[in-house]
Amino acid sequence: MSSYKGFQFKTYDFSKKIDTTVDLIDLIDELVGGDIKSRPEQVQWIFDPLLQAIEELKFCQANPDKVVYRHFTFAPEMIYAMDCVSFVPEALTFILPTEYLCALVDEGRDLGMPDHWCGFLGGVLAPLMYKRLPQPKAILHCNQPCDNSVAQGTVLAETFPDTEMFILDNPYTDDEEAVQFCADQLREGFSYMERMTGNKLDLDRFREVMKNSARAYELIYEINELKKVSPCPIPTSAILRVTSVAFYALTGTERLVKWLEKHLADAKERVAKGIGGFREEKLRVVWTMSWPVFDYSVYDWMEEEHGAIAVAYHSAEPFYQPPPDLDYSTASYDELLRLLALRNNNHSMGRQGRGSLNTFVNDNIKWCQEFKADGAIFAGHWQCQANWSSAQITKEKLADQGIPMLMMMVDQLDPRVVSSDQMASRLDPFLEMLTDRKMAR
Amino acid sequence: MGALQTLINYGEGNPNATVGEWKRAGDKVLGYWCSYIPPEIIYAAGALPYRVRGCGATGTDKADHDMSPVCNCSFPRAVLELAHNGTYDYLDGIIGMNGCDHSRRAFELWVERLSPPFHHFVYVPRTQKKASVQKYVDELNKFKTILDKFFGAEINSEDLHESVALYNENRGLLKKVQELFKRDNPPITGTQRHHIVNASVSIPPQELNRLLRELLEELAQMPPSADKKVRIMIAGWVGDDTLVHQAIEDSGGVVVIDNCCFGARSFMDPLQYDPDQQMESIARSYLGRMSCPRMFASFSERFGEIEQLAKEYNVDGIVHTRLQFCDLHGIENVFLNQRKGQMDIPLSSTLVLDYIGQDEGRVRTRMEAFVEQIRG
Ligand code: SF4
Ligand code: SF4
């Protein structure tokens with residue numbers, strides 16, 4: 001039973017023996033896809049990116065010669081431009097039912113995986129090593145956001161020794177030099193893709209993909225602008241999971257653009273009517289770093305109990321400015337590469353992880369100020385070393401601005417480490433304090 | 001005092017006695033974090049390159065304020081603690097790089113909290129792609145320009161040339177010392193060699209060359225150790241600490257070789273220097289030498305090196321180590337274990353270490369049991 005002050009959170013059954021050898025793609029299709037399709041039509045659209053991601057997984061299963069492995073912070077546009085489909089092993093950890101994921105993490109530990117290894121990558125160690133996932137034609141990897149990703153590269157290299165990998169060295173800085181460095185590497189990346197897949201890069205196709213990508217970022221920018229309005233028109237939980245899947249996996253596709261247009265129209269309508277998400281907005285918080293993939297009802301609890309809406313979250317706010325203006329019908333290869341470099345360098349989680357701690361600090365200050373937050377919640381995945389080492393300074397710098405920050409340890413994927421009710425018990429006094437402060441003002 | 005003892009003393013001291021002499025002469029000392037930052041360039045600028053270490057730290061309270069001990073490696077925390085408690089106040093500056101997440105953030109926190117007089121971050125790519133090698137060349141050129149400005153004098157190609165020659169001589173002499181361990185009964189212990197390597201990254205290179213030449217003469221006179229010992233290789237990371245070496249050697253083993261960073265990795269490969277392409281050759285050489293798991297997907301290469309070194313040094317057993325919370329060496333453990341069947345040599349189960357607050361008894365028991373198991 002997982003409850004806090006009468007609020008019922010999701011419960012799990014870890015006593016059942018899980019068969020981890022089942023086809024994970026079929027399982028996701030059946031359980032997650034099936035669940036989405038069974039929902040009422042008026043809410044089904046919200047989950048469309050998830051359905052699209054599942055369809056891509058199914059496509060990979062059926063078309064092994066089109067499968068390109070991709071790290072979750074390597075922008076997918078390159079793959080769409082090359083007319084292939086990306087397979088992101090780590091994405092399974094976002095989508096899989098919790099009990100399965102935990103069983104996979106345990107299996108990874110049985111293989112000798114260090115206990116502290118982040119479940120994002122550790123959750124797929126066993127399926128990779130036991131070769132239960134599709135064989136890739138090519139592998140695009142990178143070394144952001146963290147050492148876990150570099151270590152994951154070892155897993156892929158050892159699992160698929162005959163498949164050459166393309167590895168993007170993510171830069172440390174955010175200057176023009178860093179963009180150029182990334183663009184130069186992406187040029188090498190396209191040659192690699194041509195060599196590995198036998199497909200020739202079609203510039204028009206690349207233009208179209210980058211146009212869709214830029215449009216998606218424009219839309220998310222507009223949606224974010226609307227979230228600055230009080231009451232915030234978008235509830236925290238309903239959209240968070242989907243938006244993160246969309247931006248980690250689907251940028252460059254037309255279907256994502258259509259979804260975001262609907263999302264924006266919905267938000268605009270709410271703003272026009274002066275209505276918020278589900279419940280009355282009393283507190284505005286910035287939720288930074290990890291979110292409990294296993295149970296979004298923590299956000300429902302925050303809203304119900306404290307009227308606290310997470311108006312900005314680290315992993316669903318990937319772009320900070322609208323993308324630069326460009327005429328996509330005539331854009332040159334170099335211009336497109338530059339845009340794709342910007343996209344990679346600003347990938348959420350990647351951006352804060354690859355760079356200096358000041359990027360993390362400044363991004364958080366910016367979000368809190370722009371979104372008029374009453375407080376910030378750093379929910380740090382317990383193994384996330386670089387971000388934990390940025391948190392204390394962020395807290396101090398936010399305090400200088402009069403914005404309190406809670407530092408809370410979580411495991412993004414595994415409720416056995418920190419459960420929803422434990423999270424609620426940490427959040428409760430903090431949110432109470434924010435309410436008192438607000439009332440006193 | 002002979003060269004051996006002098007080098008051991010230097011290796012044990014943090015700082016060692018040469019630092020004081022260097023400073024008294026009015027010269028600068030620059031700390032650097034990792035072996036992917038070429039000391040050749042720092043030395044060519046006229047400063048003593050001093051690789052920062054954690055030895056001497058007895059706790060990590062101040063470092064832990066910013067770097068949670070629940071997920072961060074105790075080595076960089078120990079280094080940061082020493083910076084907090086003033087041990088590194090003699091440094092005129094500190095150079096960081098992206099070795100691992102822990103050391104990168106520890107450097108940044110040093111800068112943020114302690115405002116050293118000079119600091120610079122060298123970005124080092126993790127691959128050898130064309131664009132990445134070029135990026136490292138650009139980074140090294142930038143580093144040189146920044147040092148030129150800091151010292152008010154330009155590093156000319158002759159300075160760099162001489163510095164590279166000195167450091168290559170260091171490596172060659174250290175390798176000669178290392179090769180003595182191919183003998184059945186090496187004249188010194190692996191613990192002593194580890195101190196020598198620690199000294200080698202923190203004393204002036206001419207002084208090191210002089211002492212190493214003397215040492216080689218001393219060693220030529222020394223009788224071989226009497227009894228036959230179990231020959232152990234350490235693979236992984238133990239930092240500048242000597243506990244694991246001591247535990248093995250107190251149990252009747254001898255550490256004949258390692259692939260560690262404070263170890264063979266730092267001297268086995270000479271820098272492949274081309275005077276006509278100075279920075280290019282330095283960059284290529286550093287990215288291509290005996291690698292560290294920070295380099296992307298490089299395990300196979302390292303496994304090959306381990307196999308080869310194990311053969312060359314006639315190794316009886318391999319002790320595999322890592323520090324707690326190290327992702328990079330952590331995954332190495334998984335695959336070394338997977339491939340152990342390919343080697344005809346016993347491999348210990350992973351010895352997970354804490355740099356600070358080590359449970360010495362546990363390490364000694366584990367090493368004793370492993371040496372005993374090999375002896376049969
Ligand atoms: S949550 Fe942290 S440790 Fe996990 S992948 Fe992201 S940055 Fe890495
Ligand atoms: S042991 Fe690992 S985590 Fe610790 S400093 Fe070295 S590479 Fe970084």
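Tutor: What follows is a set of questions on pockets, ligand shells, sheets and backbone features, each answered from a definition.

Tutor: This is a predicted model, in which local features need pLDDT of at least 70 and side-chain atom pairs count only at pLDDT 80 or more, while totals for chains, interfaces and linings use all residues. Residues are numbered from 1 along each chain as its sequence is written, chains are lettered from A and ligands numbered from 1 in the order in which they are written, and side-chain values use heavy atoms, with hydrogens and water left out.

Student: What makes a space a pocket, and how much space lies in the largest pocket?

Tutor: On a 1 Å grid over the protein atoms alone, a pocket is an open set of points with protein on both sides within 12 Å along at least five of seven lines, whereas a cavity is a set of points where a 1.4 Å probe fits but cannot get out. A volume is the space filled by probe spheres set on the points, which are joined across faces, edges and corners. For the largest pocket this space is about 590 Å³. Its lining has 27 residues, of which K10(A), D35(A), R39(A), R241(A) and Y296(A) are the closest to the centre; a residue is counted as lining if it has an atom within 4 Å of a point.

Student: Which helix gives the largest share of the lining of the largest pocket?

Tutor: The largest share, four residues, comes from α1(A). At least two residues each are supplied by α1 (24–37), α5 (91–95), α6 (98–110), α12 (236–249) and α14 (297–306) of chain A. These are called helices because they are DSSP runs of H or I with at least four residues, while strands are runs of E with at least two, and both are numbered from the N terminus.

Student: How do you know how the residues of that lining divide into nonpolar, polar and charged?

Tutor: Ala, Val, Leu, Ile, Met, Phe, Trp, Tyr, Cys and Pro count as nonpolar, Asp, Glu, Lys and Arg as charged, and the others, Gly among them, as polar. Sorted in this way, the lining of the largest pocket has 17 nonpolar, three polar and seven charged residues.

Student: How much space lies in the second largest pocket, and which residues are the closest to its centre?

Tutor: About 290 Å³ of space lies in the second largest pocket. Of its 18 lining residues, M165(A), I167(A), T127(B), Q128(B) and F296(B) are the closest to the centre. The elements giving two or more residues are β6 (165–168) and α10 (176–197) of chain A, and the largest share, three residues, comes from β6(A). By class, this lining has nine nonpolar, four polar and five charged residues.

Student: What makes a residue count as being around a ligand?

Tutor: The test is that one of its heavy atoms lies within 4 Å of the molecule. Around ligand 1 the residues are C118(A), F120(A), P145(A), C146(A), M349(A), C384(A) and N387(A), and they divide into six nonpolar, one polar and no charged. Around ligand 2 they are C73(B), P76(B), C100(B), H102(B), W237(B), L323(B), C326(B) and H329(B), with six nonpolar, two polar and no charged residues.

Student: Why are β4 and β6 of chain A called edge strands?

Tutor: Two strands pair if DSSP finds at least two bridges between them. The open sheet has the order β4-β3-β5-β6 (chain A) with parallel pairing, and β4 (85–87) and β6 are its edges because each pairs on one side only. Within this sheet, β3 (residues 67–70) and β5 (residues 138–142) of chain A share three bridges, and Y69(A) stands opposite I139(A).

Student: Why is the crossover in chain B called right-handed?

Tutor: Strand β3 (residues 93–97) and strand β4 (residues 119–122) of chain B pair in the parallel sense over four bridges. The chain crosses from β3(B) through helix α6 (residues 101–114) to β4(B). The crossover is called right-handed because, with the strands pointing away from the viewer, the path from the first strand over the helix to the second runs clockwise.

Student: What is the omega of the peptide bond between Q144(A) and P145(A), and where is P145(A) found?

Tutor: Omega is about 0° and the bond is cis, and P145(A) is found in the loop between β5 and α9 (147–159) of chain A.
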